[in-house]
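The following note concerns the relation between two copies of a chain and a pair of annotated positions. Please consult the sequence and the coordinates alongside each point.

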There are 4 protein chains.
Amino acid sequence: MANSKYEYVRLFEQPDNLLPQTWIVVRIDGRGFHKLSDKYGFEKPNDRRALDLMNAAAVSVMKDLPDLTIAYGVSDEYSFVFHPNCELFERRSAKLVTTIVSGFTAAYVYQWPKFFPDKPLQLSNLPTFDGRAVQYPNASILRDYMSWRQVDCHINNLYNTTFWSMVLIGGMTNVEAEKELQGTVSSDKNEILFSRFGINYNNEPEFFKKGSVVYRQYQLQEPEAVGTTTAHTQQDDEPISQLSRTQQEKIRKLRRKAQVVVEHVDIIKDDFWLRRPWLLSGKPGKIPVE
Amino acid sequence: MANSKYEYVRLFEQPDNLLPQTWIVVRIDGRGFHKLSDKYGFEKPNDRRALDLMNAAAVSVMKDLPDLTIAYGVSDEYSFVFHPNCELFERRSAKLVTTIVSGFTAAYVYQWPKFFPDKPLQLSNLPTFDGRAVQYPNASILRDYMSWRQVDCHINNLYNTTFWSMVLIGGMTNVEAEKELQGTVSSDKNEILFSRFGINYNNEPEFFKKGSVVYRQYQLQEPEAVGTTTAHTQQDDEPISQLSRTQQEKIRKLRRKAQVVVEHVDIIKDDFWLRRPWLLSGKPGKIPVE
Amino acid sequence: MANSKYEYVRLFEQPDNLLPQTWIVVRIDGRGFHKLSDKYGFEKPNDRRALDLMNAAAVSVMKDLPDLTIAYGVSDEYSFVFHPNCELFERRSAKLVTTIVSGFTAAYVYQWPKFFPDKPLQLSNLPTFDGRAVQYPNASILRDYMSWRQVDCHINNLYNTTFWSMVLIGGMTNVEAEKELQGTVSSDKNEILFSRFGINYNNEPEFFKKGSVVYRQYQLQEPEAVGTTTAHTQQDDEPISQLSRTQQEKIRKLRRKAQVVVEHVDIIKDDFWLRRPWLLSGKPGKIPVE
Amino acid sequence: MANSKYEYVRLFEQPDNLLPQTWIVVRIDGRGFHKLSDKYGFEKPNDRRALDLMNAAAVSVMKDLPDLTIAYGVSDEYSFVFHPNCELFERRSAKLVTTIVSGFTAAYVYQWPKFFPDKPLQLSNLPTFDGRAVQYPNASILRDYMSWRQVDCHINNLYNTTFWSMVLIGGMTNVEAEKELQGTVSSDKNEILFSRFGINYNNEPEFFKKGSVVYRQYQLQEPEAVGTTTAHTQQDDEPISQLSRTQQEKIRKLRRKAQVVVEHVDIIKDDFWLRRPWLLSGKPGKIPVE
């Protein structure tokens, strides 16, 4: 063929397939969202429209990729989780990451006017996201990853709620508030919120305190009496190599039928995972009867 | 800190920094653009609006990332090139690729209504792109990569122009046209175009025959008498390790001032590179006098 | 410092740390052992001296690296297994592999005269080994890996025993024997061995049929009544991040005290693993009372 | 086949092919040679027998692998260099590194009695080496790597020569000598050597000052008048993709015929490389007429 002379350059493409049978987390982050949130006047400490837009974009990605198991979002970041059995794109890292980043960006930019009708985007200040894939060898560590993000959400939200109360209600400068909060622990911030501003942090919206969990909904199950620790160490017992292509395609179809939901609940304790066994097992549950 | 118990999960993030002093090419491709072009009625064989939109998105990316040296686009793909001296994001592969993919997607979706005013995008059919990074050890191989893409552009465009002439003008079915073209060489296709449809392929628009080159414009230079092969084997003589941060920032500023241009010219022969020595040297040229 | 001008070349060293909390198998293979076994007159189908030398070298490696959990050898290959908790050399792949390959080679060459007193090595035909590291995400897959090697041992030994009986006893040429064995299954080979040569394969030495397992010996435990599948899916429940350096060093010392044994037993069934729970748990057992 | 049930574990082996057309350096280091040199009574600051043994092992490796271009050794480390055109083992990193490490170890252990006839090795204290592969994109950086090692050799040898003179001749304790040398520059050490011990460092053996260069010898060439910098930036102009297998095999044969020599000369300046153009070009030179 005419172009064979140059075609050798393809040899420089190196494979980047992730290890089989590991959990894959693709975490994306807003690029320069501090500046962007100023530019488009996001409300402090939490802009409900911006968070709803993040969730809407995440739902788009979940619907587009039935291989995704669950996603968790907080602030301008989102973590998307593939099950160990996932064989999408032969588990090529760059392909998985860029597909999610591009799908998320497209959905975010496209739906912006719906959530910010009075703040049109400008070409020179478009929202963009970067991303990376990380592998976790078992369900226990995957759950620790999810817990890490939700604990982070809590810590940041408590800080931000206190900080912006001091600034917006208390009339302090940013520098003054930052200085006073330095070295404080959770109870200190709770106390400041309550004593100075009459705010009981526990009554703050779950949305802000817990972040957003996105997943496919099936019939919830009763946590079995047996053991609360089961979920945490549950084994992924059927490697993909024993699932035929037909079976995989069937599972994909079942997943497409399921409703994608957004919730603001605790994902650190076992309960969430025990009631939704399809998340760790990778096997679709029963579609709830309406 | 409260979240230290889970923070160990960060240890699973593995570094992906690319080798220093190599050329980095990030190539992005439209996902499912065959279906997408049907959905939104792209013209065949080339839709000028769609190509203009690709170029507009590429220009956005080039302006956003002054570290980029040159880009080349054809059909629904674009290759972005970082110079060996590039230290952006510490050369982390996923960060470089996702930043380009996200910026390109955002610019493409945002500017769609400008190029397709009568074909509004739908949430369930948003254009997205995947991408990957490839390293090339020297300028000679980088140029072979660029030549590979431009030869590919030529081959595909000749084929598509002939195929769609046979279908749209000649009234053949897709299958008939495909079958007749099987095994033909360039001269056969030129002959079909000319004898049946009076089309001289040489007179087709350069835009379609050459694809699009995007780069920062400085004063063109006369190719030196010395040697036509120089450009092809030119050395990158000053490793980044000897460029201070201040020097790098200065170069970045100079690049931001330069105009980003889109051209449809030959990039296989030496001439293009000899007249624009800043592309392979990585050193900004002189801003042209207006 | 005087050499700072060149020291930047260190930046080209790329990290190769393996993923935390995975099982690491380093498999080494003799290079050109077909030729080597001819050169030094190894007996067919199995040379007991050569296999004893392989095992002696493996024991040396196991003693040298207390972080190793278990090893399995057959013919001129050996697989060495590190537990998910292993942090040796920060899990750098090249360091782990080369340390094992070099230690094995040194022990093999050094001990050669003891096992082949009448066949002195020659400089131009020294035995060498190559190696690679592979990661397995959980104990179940690690056990499948071990089973794979032992099944392979069985298949090859049955073939070789039959082939060499046909050649050495039956007087066939290599080509004739190879041809007749083509397409045969296990029962065919058993039949040939028994009917032609009066050999009952079941009575062949376990050493040749099962290969060699090398590990640290502690007090064997009774397999618990509970479940035969437990061993196969046993969780590694305490990630290394929660083991202090002192604890790790203590475990290393306990391991150094244990006796390294070589056995020729089944490692496919659960029994082997259930009786030796320290292998999958990574926690040293009790030193047997003499 | 009978073992297909377990064979899926092969999917966990990840490719590790190095980038085409880069220089590959495999550097190996003695493991725990400080302790080993005490154990076997190496002379200080340089043990000629130990260095000769290192070189003998390196020559063995060079002869075994005609793909190797050059090697450089100092103290208990050795760097082996593959040309960008090298396609050995499909450039698989672990295979290249372990083959060199194992070959070096075997040759070192085997030849030990020849160099240390009165110091027999013990099984519990065998010399071993670890190794790693590093890629360098062009000849200029490869030469900087070689220069880095030779500058290091000089720095360490000057220090060690001074230190051991102070201890062995001057009667100082190790701690005293170390303390006095702290913060000194080269001229200080030269002065100590000369004024206290009458040693002119320049007259020390080239072997110790320059380390050892090992390569295939062809007819030396006159450095061309043109330019002293040519060698440093010389291009590797013919990518392997244009070399047929037959051509590669022919080159390999030519290399096997060449004599492998060990020299103690400057490899930092251009002269060494200009006179031996086959090293950077990768093309065998003319066999010298005897």
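1. Copies are superposed by least squares on the C-alpha atoms of residues with pLDDT of at least 70 in both. On this basis, a rotation of 180° with 0.0 Å of shift along its axis brings chain B onto chain D, with an RMSD of 0.1 Å. The two copies are thus related as by a two-fold rotation axis. Within chain B, the residue whose C-alpha comes closest to that axis is B:Pro137, at 2.5 Å.

2. The model is predicted: local features need pLDDT of at least 70, side-chain atom pairs count only at pLDDT 80 or more, and totals for chains, interfaces and linings use all residues. Residues are numbered from 1 along each chain as its sequence is written, chains are lettered from A and ligands numbered from 1 in the order in which they are written, and side-chain values use heavy atoms, with hydrogens and water left out.

3. Chains B and D meet through the same surface, because 100% of the interface residues of chain B are also interface residues in chain D.

4. An unreviewed UniProt entry places the feature "binding site" at A:Asp29 and A:Asp76; UniProt positions follow the numbering used here, feature names are shortened, and annotations may be inferred rather than shown by experiment. These positions span 48 residues in sequence, yet no two of their C-alpha atoms are more than 5.9 Å apart, so they gather at one spot.

5. Contact means heavy atoms within 4.5 Å. Neighbours within four places in sequence left aside, A:Asp29 contacts residues including A:Asp76, A:Thr128 and A:Arg132, while the contacts of A:Asp76 include A:Asp29, A:Phe33 and A:Met54.
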